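Hello! Let's walk through a structure together, with a few questions and answers along the way.

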Amino acid sequence: MTSTSPKTAAGEPQTLAPFTGVGSPETASVLAAGRLRRPQKVTFWSQLKSSLAMFSNPKSAAGLIIMGVFVLVAIFAPWIAPYDPNAQHLDETLQPPSLEHLLGTTHIGQDVFSQLVYGTRGVLVVGFLATIMATVVAIIVGVTAGYLRGWKSESLSALSNVFLVIPGLPLMIIVASQFEDPPLWLIAAVLGLTGWAWGARVLRAQTMSLRNRDFIQAARANGEPLHRVILVEMLPNLLAIIASSFVGTMTAAVLGLTTLAFIGVIPVSNLNWGTILFWAQQNNAFPDYWWWYVPAGLCIALLGVALSLINFGIDEYVNPRLRSAGERARAMKRKGININTAVTQVRTDPLTTAAAGHSLESKTE
């Protein structure tokens, strides 16, 4: 019996490709090389680097760029603002935007653009301080409640539930109204005190799912102290959740600050975007003098968009389904495939297509 090599539709002998699947010599050599490769040591900094990969998402990158612009404006406000935000020019009241006053003036001739620039500093300072306080408390309470068992865990969980149902805005109004000129740190403390409970509950649930993992049990079996288990083993795996909670808490803090300023609870000496809206509303700027209130509202909306984009990017990184879907969509775009088309494009091999056509013709005959 003689063996014949397969032929193509044109009658020419077909050259078979060498077998390269699982079990082939090439695959075996690759697997052997992989086994001989020394595994990299997992350290705190390596886990931190892998966790910060969440910000490489295009949505997070766009949000960070917008946030970075606001931070730079807040830092370099004295050099960016052309006028003193409290300086009055009574001969230039309610002037529309011009080259001299980019966003016009108020009812007493104050430059709106300078107020907006200096107001960015007040918003970001209070927002970051309140968010840092709330995040630290949420980590301490949430991770501790998730790692411990018994009545200690239940007590911390009950404490989170109590602060979760406390109405935040009325409490902030009561506390802020007790001071004639409350400092920024006090406003941030009130906002942080009312904003940590939700993040603590999320961290508690995630920690409870981590405490039974193999690497946590191995660390405890090796005699690792509690603080090392939490700081080195748990926290790097919780960074994505912590970052998402940080972004959400800052959004709530910024909205809370501007709300308190708009209703007049915070003194007008604490310049921020909310006080700009407060004075515009008090002097009947709506709707004629749009340059007085529209820029402040747009800044609040743009900051909210930046925080939302960062949160969306973190959510896509944390959620495996969203992450894989996003990676597939970006890979298809790089290949020039339209992901919105209703017809799926299939790559075909010309040799296989010719053989299939030849087989169809033989069946027809």
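A residue counts as exposed when its relative accessible area is over 50%, as buried when that area is under 20%, and as partly exposed in between. The model here is a predicted one.

Q: Is Asn284 buried or exposed?
A: Asn284 sits in the loop between α12 and α13. Its phi is near 55°, a positive value in a residue other than glycine. The relative accessible area of Asn284 is 60%, and the cut-off for this class is over 50%, so Asn284 is exposed.

Q: What is the relative accessible area of Leu94?
A: Leu94 belongs to the loop between α4 (77–80) and α5. Although Leu94 is not a glycine, it has a positive phi of about 55°. Leu94 is classed as partly exposed, and its relative accessible area is 26%.

Q: Which residue does a cis peptide bond join to Phe286?
A: The residue in question is placed in the loop between α12 (273–282) and α13 (290–318). Omega of the cis bond is about -5°, and the partner of Phe286 is Pro287.

Q: At what angle do helix α5 and helix α9 pack?
A: Two packed helices are described by the angle between their axes and the distance between the axes. For α5 (residues 112–147) and α9 (residues 197–210), the axes are 7 Å apart. The crossing of α5 and α9 is right-handed, and the angle is about 35°.

Q: How many residues of the contact of α5 with α9 are charged?
A: Residues in α5, including Ile139 and Val143, meet residues in α9, among them Leu203 and Arg204. The contact holds 9 nonpolar and 4 polar residues, and the number of charged ones is 1.

Key: Residues are numbered from 1 along each chain as its sequence is written. This is a predicted model: local features need pLDDT of at least 70, side-chain atom pairs count only at pLDDT 80 or more; totals for chains, interfaces and linings use all residues. Side-chain values use heavy atoms; hydrogens and water are left out. Axes are lines fitted to C-alpha atoms, for helices over the stretch in contact, and angles run from 0 to 180 degrees between N-to-C directions. Helices (H or I, at least four residues) and strands (E, at least two) are DSSP runs, numbered from the N terminus. A crossing is left-handed if the near helix is turned anticlockwise from the far one by less than a right angle, and right-handed if clockwise. Contact means heavy atoms within 4.5 Å. Ala, Val, Leu, Ile, Met, Phe, Trp, Tyr, Cys and Pro count as nonpolar, Asp, Glu, Lys and Arg as charged, and the others, Gly among them, as polar. Buried means under 20% relative accessible area, exposed over 50%, partly exposed in between (1.4 Å probe, protein chains only).
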